[in-house]
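This briefing is meant to be read with the sequence and the three-dimensional structure side by side. It takes up individual loop residues, then helix packing, and then the nonpolar cores.

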Amino acid sequence: MRRTMLFLPGNTPNMLINGDTLGADSIIYDLEDAVSPDEKDAARILVRNTLKYMRGKGCEIIIRINPIESDYWQADLEEVIPCKPDLIMPTKVGSGQDVQIVAEAITALEKRAGIPEGSVGILPLIETALGVEKAFDIASASPRVAGIFLGGEDLTADLHCKRTREGQEIFYSRCRLVCAARACGVEAYDTPFTDVEDMLGLEKDTQLAKSLGFSGKAVISPRHVETVNALFSPTMEEIEYAHDVMDAIEEGRRQGKGVISLRGKMIDAPIVKRATQVLEMERQMFGGEDV
């Protein structure tokens with residue numbers, strides 16, 4: 001479950017150490033945009049040491065590395081892969097081949113470190129027009145791919161348009177990524193809402209992302225975590241309905257019914273699928289306890 005993925009600069013010790021206490025499902029240690037070229041080496045070592053000695057529990061760890069066109073990405077992987085982060089986020093991904101290059105490098109480093117092959121997943125960051133158009137190829141490029149993630153700021157720069165509060169300029173890209181991800185059986189994650197002070201704008205943007213089919217959303221401020229978590233979580237009413245659906249299905253089976261209804265509405269396969277998804281989120285949120 002990745003309702004929220006919180007970006008933390010890789011060169012800020014206090015934020016790295018306390019990242020797992022900020023409420024996000026995933027923490028993204030950023031070695032790319034947040035770190036200037038003259039601080040890359042120090043940031044890698046800091047992130048490595050955080051993973052090795054101060055890794056918190058109950059929070060997924062993602063490492064955003066530099067683009068494969070840069071001189072930094074291989075050194076990024078060499079430092080962090082032995083510490084077995086959950087996911088690597090390659091940036092500026094424009095093709096399935098980009099993903100395969102990163103996947104092959106991870107495989108080699110896993111073997112060198114004695115880590116079981118496939119331990120570290122990949123979450124490609126798509127932030128160019130080419131990447132959007134190649135989204136299906138990217139999502140299906142490797143078994144390591146856990147999802148695909150839209151980067152709106154760099155994308156709008158590549159599209160030669162202004163990033164707006166309403167987000168109409170990335171509507172097509174959002175839809176394209178969700179369709180590609182679902183076609184490949186992986187998740188899709190939305191770009192951050194970058195105005196830290198505009199909580200109403202954050203709420204509207206998050207509601208839109210959820211309505212389009214995204215599984216979660218990245219955030220750049222701890223202030224945004226609670227809102228995004230809440231909006232990507234099922235409500236108590238939705239959880240109760242999901243339990244009622246599964247109870248009705250079980251009762252129908254016991255009675256040998258071919259057609260099952262609940263509250264005057266036939267229960268078909270899509271309703272059962274949505275109920276199953278809600279119950280899985282409930283399990284992850286509450287550890288399988290009754291709510």
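Does Lys-92 count as buried, partly exposed or exposed, going by its relative accessibility? Lys-92 counts as partly exposed because its relative accessibility is 23%, a value that falls between the 20% under which a residue is buried and the 50% over which a residue is exposed. The model discussed here is predicted, and the points below are grouped by topic.

**Residues with a positive phi**

- Most residues other than glycine have a negative phi.
- Lys-92, which is not a glycine, has a positive phi near 55°, and its place is the loop that runs between strand E4 (87-89) and H4.
- His-160, likewise a residue other than glycine, has a positive phi near 65°, and this residue is found in the loop between helix H7 (152-159) and helix H8 (171-184).
- His-160 counts as exposed, because its relative accessibility is 75% and the cut-off for exposed residues is over 50%.

**Residues brought together from separate parts of the chain**

- Lys-134 sits in the loop between helix H5 (129-133) and helix H6 (135-139), and with a relative accessible area of 34% this lysine is partly exposed.
- The C-alpha atoms of Lys-134 and Gly-94 are separated by 6.7 Å, although the two residues are 40 residues apart along the chain.
- When residues up to four places away in sequence are not counted, Lys-134 touches Gly-94 and Ser-95.
- Ala-183 belongs to helix H8, and this alanine is exposed, with a relative accessible area of 56%.
- Between the C-alpha atoms of Ala-183 and Ser-140 the separation is 9.0 Å, whereas along the chain these residues are 43 residues apart.

**Packing of helices H2 and H3**

- Two packed helices are described by the angle between their axes and the distance between the axes.
- Helix H2 (residues 40-53) packs with helix H3 (residues 73-80) at an angle of about 25°, and their axes are 9 Å apart; H2 is therefore roughly parallel to H3.
- The crossing in which H2 passes H3 is right-handed, and the contact is made by Arg-44, Ile-45, Val-47, Arg-48 and Leu-51 from H2, together with Ala-75, Asp-76, Glu-79 and Val-80 from H3.
- Sorted by class, this contact of H2 with H3 has five nonpolar and four charged residues, and no polar ones.

**Packing of helices H11 and H12**

- Helix H11 (residues 236-255) and helix H12 (residues 269-286) pack with their axes 9 Å apart and at an angle of about 125°, so that H11 is oblique to H12.
- H11 and H12 form a left-handed crossing, to whose contact H11 gives residues including Glu-238, Tyr-241, His-243 and Met-246, while H12 gives residues including Ile-271, Thr-276, Glu-282 and Phe-286.
- By class, the contact of H11 with H12 has twelve nonpolar, two polar and two charged residues.

- In soluble globular proteins, nonpolar side chains tend to be buried together.
- The largest nonpolar core has 54 residues, and those with the most contacts inside it are Tyr-29, Ile-63, Leu-77, Ile-88 and Ile-148; helix H4 (residues 96-113) gives the most to this core, with five residues.
- Tyr-29, leaving aside its neighbours within four places in sequence, is in contact with residues including Leu-8, Leu-16, Val-47, Leu-51 and Ile-63.

Notes. Residues numbered from 1 in each chain as written. Predicted model: local features only at pLDDT ≥ 70, side-chain atom pairs only at ≥ 80, totals over all residues. Heavy atoms only, no water. Axes fitted to C-alpha atoms, helices over the stretch in contact; angles between N-to-C directions. Helix = DSSP H or I, 4+ residues; strand = E, 2+ residues; numbered from the N terminus. Parallel < 35°, antiparallel > 145°, perpendicular 65-115°, else oblique. Left-handed = near helix turned anticlockwise from the far one by under 90°. Contact = heavy atoms within 4.5 Å. Nonpolar A, V, L, I, M, F, W, Y, C, P; charged D, E, K, R; others polar. Core = buried A, V, L, I, M, F, W, Y, C linked by side-chain atoms within 4.5 Å. Buried < 20%, exposed > 50% of the residue type's maximum accessible area, 1.4 Å probe, protein only.
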